[in-house]
Amino acid sequence: MRLIFLGAPGAGKGTLASTIGKEIGLPQLSTGDLFRDAVKNGTELGLRVKGIMEKGELVPDELTVALVRERLGRADTAQGYILDGFPRTIPQAEALASFQRIDGVVNFQCGDEVVVRRLSGRRICRSCGAIYHVENMPPRREGICDRCGGELYIRDDDRIDSIRNRLRVYQAQTEPLIGYYRGRGLLHDIDAEQTVEKSLAQLRKVLKKLRKAG
Ligand code: ADP
Ligand code: ZN
C-alpha cells in the first residue's frame with residue numbers, strides 16, 4: 001500500500017507513521033528526517049538545506065522531488081510505504097503522480113493552538129530519533145530517552161518564531177493539497193487533536209477500508 005500522511009507540523013504525522021508503519025510492515029519515509037540526516041552528516045545537500053530548515057521555509061521542489069525519487073527506487077519500498085511530510089506543494093504532488101500511483105492520503109486535522117503547544121514541548125532523542133513531549137509524553141527521566149538512554153534535544157525549528165513561520169508556510173503551500181487529493185477521491189480525514197491512542201484507532205479503520213478497496 002502506498003500512503004501519504006498529510007497535516008500541519010505538529011499534527012502527529014511522524015509519531016503515527018512510525019507506530020503504524022511498524023504495525024503493518026511498511027517503511028516510513030520522512031523527508032524531514034532525510035534532510036536532517038543530510039545536515040547532520042554535513043553532505044552537500046545538508047549544507048544547502050540547513051538554513052532553509054532552521055527558518056521553517058521549504059526546500060526547493062526539484063531538490064525534494066529528486067531525493068524522494070531516489071529513495072523510492074530502493075528495494076524496501078517494493079511492498080509500499082508511508083510518505084511523511086511529502087508532498088508539501090502542488091508541484092511536488094504532480095511530480096509524484098507522474099511516477100507513482102498512490103492508494104490513499106490521510107489528512108491529520110489539527111488546529112493552530114494545539115500545534116503550537118505540541119511543537120514547543122517536543123523533545124527528540126539525538127541517538128534513536130524517538131519523539132517525546134514534556135507534558136503529553138514525558139520521558140521517565142527528564143532529558144533522557146526511555147528507549148536508548150540518548151540525550152533529548154529541541155529541534156532548531158521548534159523555536160516559537162520558526163513554528164509560526166512553518167504554520168504560515170503550511171497554510172499557503174501545503175493546505176491546497178487537501179482539495180487536490182479530495183478531488184481525486186483519495187483523501188481520508190483523521191481527528192489529530194485526540195490522544196495518540198484514539199487517532200491510531202481511527203487510522204487503523206481507514207487503513208482497513210483501504211486494504212479492502214485495494
Ligand atoms: P514538520 O512537519 O514538523 O514541520 P518535518 O520534519 O516534516 O517537520 O520537516 C522539517 C523541515 O524539512 C521543513 O520545515 C522543510 O524545511 C523541510 N522539508 C521536509 N519535507 C519537505 C518537503 N516535502 N518539501 C520541502 N521541504 C521539506
Ligand atoms: Zn533514544
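Trainee: How are the donor residues of the zinc ion (ligand 2) spaced in sequence?
Mentor: The spacing of the donor residues is C-x2-C-x16-C-x2-C. Before going on: this is a predicted model, where local features need pLDDT of at least 70, side-chain atom pairs count only at pLDDT 80 or more, and totals for chains, interfaces and linings use all residues. Residues are numbered from 1 along each chain as its sequence is written, chains are lettered from A and ligands numbered from 1 in the order in which they are written, and side-chain values use heavy atoms, with hydrogens and water left out.

Trainee: Which residues are the protein donors of that zinc ion?
Mentor: Cys125, Cys128, Cys145 and Cys148, each through SG, at 2.3 to 2.4 Å from the zinc ion (ligand 2). Donors are N, O and S atoms within 2.8 Å of the metal (3.2 Å for Na, K and Ca); water is not among the atoms, so sites may look incomplete.

Trainee: And what is the geometry of the site?
Mentor: Tetrahedral, with angles of 99 to 115° among the four donor atoms. For four donors that label requires all angles between 85 and 135 degrees. The ideal angle for four tetrahedral donors is 109.5 degrees.

Trainee: Where do Cys125 and Cys148 lie?
Mentor: Cys125 is in strand 5 (residues 122-125) and Cys148 is in the loop between strand 6 (131-133) and strand 7 (152-153), so the pair ties together parts that are 23 residues apart in sequence. Strands (E, at least two residues) and helices (H or I, at least four) are DSSP runs, numbered from the N terminus.

Trainee: Which of the two is buried, and which partly exposed?
Mentor: Cys125 is buried, at 2% relative accessible area, while Cys148 is partly exposed, at 40%. Buried means under 20%, exposed over 50%, and partly exposed in between (1.4 Å probe, protein chains only).

Trainee: What is the strand order in the sheet there?
Mentor: The order is 6-5-7, an open sheet of three strands with antiparallel pairing. Strand 6 and strand 7 stand at the edges with a single partner strand each, so one side of each has no neighbour in the sheet. Strand 5 is joined to strand 6 by three bridges, and Arg122 has His133 as its bridge partner in strand 6. Two strands pair if DSSP finds at least two bridges between them.

Trainee: Changing topic. How many residues of strand 1 are buried?
Mentor: Five of the six residues in strand 1 (residues 2-7). Strand 1 runs parallel to strand 3 (residues 81-84), with four bridges, and Arg2 is partnered with Tyr81. Five bridges pair strand 1 with strand 4 (residues 104-109), also in the parallel sense, and there Leu3 is partnered with Gly104.

Trainee: Last one, ligand 1. Which residues come nearest?
Mentor: Thr31, Arg36, Glu57, Gly85 and Arg166, out of 19 around ligand 1. A residue counts as near if one of its heavy atoms lies within 4 Å. Helix 2 (residues 31-40) gives the largest share of that shell, four residues.

Trainee: What polar contacts does ligand 1 have?
Mentor: Among them, a nitrogen atom of ligand 1 is 2.9 Å from a polar backbone atom of Gly85. An oxygen atom of ligand 1 is 3.2 Å from a polar side-chain atom of Arg88. A polar contact here is a pair of N or O atoms within 3.5 Å.

Definitions and conventions: Tetrahedral: all angles 85-135°; square planar, octahedral: opposite > 155°, others 65-115°. Polar contact = N/O pair within 3.5 Å; in protein donor to acceptor, adjacent residues only side chain to side chain.
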